[in-house]
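Here is a short briefing on salt bridges. Look at the sequence and the 3D view, then read on.

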Amino acid sequence: MSIKGLIFDLDGVICSTDLYHYLSWKKLADKLGVYFDTEINERLRGVSRLESLEIILEKSNKLYTEEEKSKMAEEKNKYYQTFLKKMTTNDVSKEVLDTLQILRERGYKLAIGSSSKNAKIILKQIGLIDFFDVIADGTMIKYSKPHPEIFIEASKGLNIQPKECAVIEDSESGCIAAKSASMKVAGISSAAKCIFADYHLSEFKELLDIFK
Ligand code: B16
Ligand code: MG
């Protein structure tokens, strides 16, 4: 089956907002006196805000009500959005821009498939809000990665069968989600060595060697 649609994860693939997620959770965890490090942070990639908080609170010996948890998630999001406000077109690399442009010229349909409810804000900040054929984000789904819902939504939007789509992901949860959606998946960055990935990228532009 030939690939017609490419679905890109956002945080950690198109731009480095994964770092801002980490710094914002770290600020909240420090305030709560809960241990949090970059290793625990790896488990947060691709999963929703509230699920991320649950993972962080595994290290806490206090029990919190749903209302308290919702306030904490809101607080983290405020820290995160402070970082987002400072983003500009300089926060997306020339390599990413050039590669996306060439893939488009080769005839691929391009989508975003992100668990983030902030995806559109980020895409506006980095000047790519009108670039993709479809933006599927955290506001459109009930279940976040590793559930395949986000990628199925993206393929529906593109009007391309899941088997004719490939996903580009930096998270294990995203690679699993793509496979569950019957899609090919290229792992990059934190997911470069992911056992669930069909392709293992050390650089974004290597996509041009795979999708010709
Ligand atoms: P928000 P992606 C995911 O985005 C992040 O990897 C994950 O760390 C975050 O918790 C999730 O979005 C929700 O983000 O709090 O902005 O709604 O990698 O799927 O683009
Ligand atoms: Mg990601």
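Does K71 count as buried or exposed, and at what relative accessibility? K71 counts as exposed, because its relative accessibility is 52%. Keep in mind that this is a predicted model. A search of the whole structure finds 17 salt bridges.

**Within one helix**
- K71 forms a salt bridge with E67, with N and O 3.6 Å apart.
- Both residues belong to helix α4. They sit four residues apart, about one turn of the helix.
- E67 has a relative accessibility of 58%, so E67 counts as exposed too.

**Between a helix and a loop**
- D198 and K179 meet through their side chains in a salt bridge, at 2.8 Å from N to O.
- K179 is in helix α8 (residues 172-180), while D198 is in the loop between β5 (184-188) and β6 (199-201), so the pair ties together parts that are 19 residues apart in sequence.
- D198 counts as partly exposed at 30% relative accessibility.
- K179, at 33%, also counts as partly exposed.

- D18, E42, R45 and D170 are joined into one network by salt bridges that share partners.

- R43 and E58 form a salt bridge, and their closest N and O atoms are 3.2 Å apart.
- R43 is partly exposed, with 43% relative accessibility.
- E58 is exposed, with 53%.

Definitions and conventions
Residues are numbered from 1 along each chain as its sequence is written. Chains are lettered from A and ligands numbered from 1 in the order in which they are written. This is a predicted model: local features need pLDDT of at least 70, side-chain atom pairs count only at pLDDT 80 or more; totals for chains, interfaces and linings use all residues. Side-chain values use heavy atoms; hydrogens and water are left out. A salt bridge is a side-chain nitrogen of Lys or Arg within 4 Å of a carboxyl oxygen of Asp or Glu. Buried means under 20% relative accessible area, exposed over 50%, partly exposed in between (1.4 Å probe, protein chains only). Helices (H or I, at least four residues) and strands (E, at least two) are DSSP runs, numbered from the N terminus.
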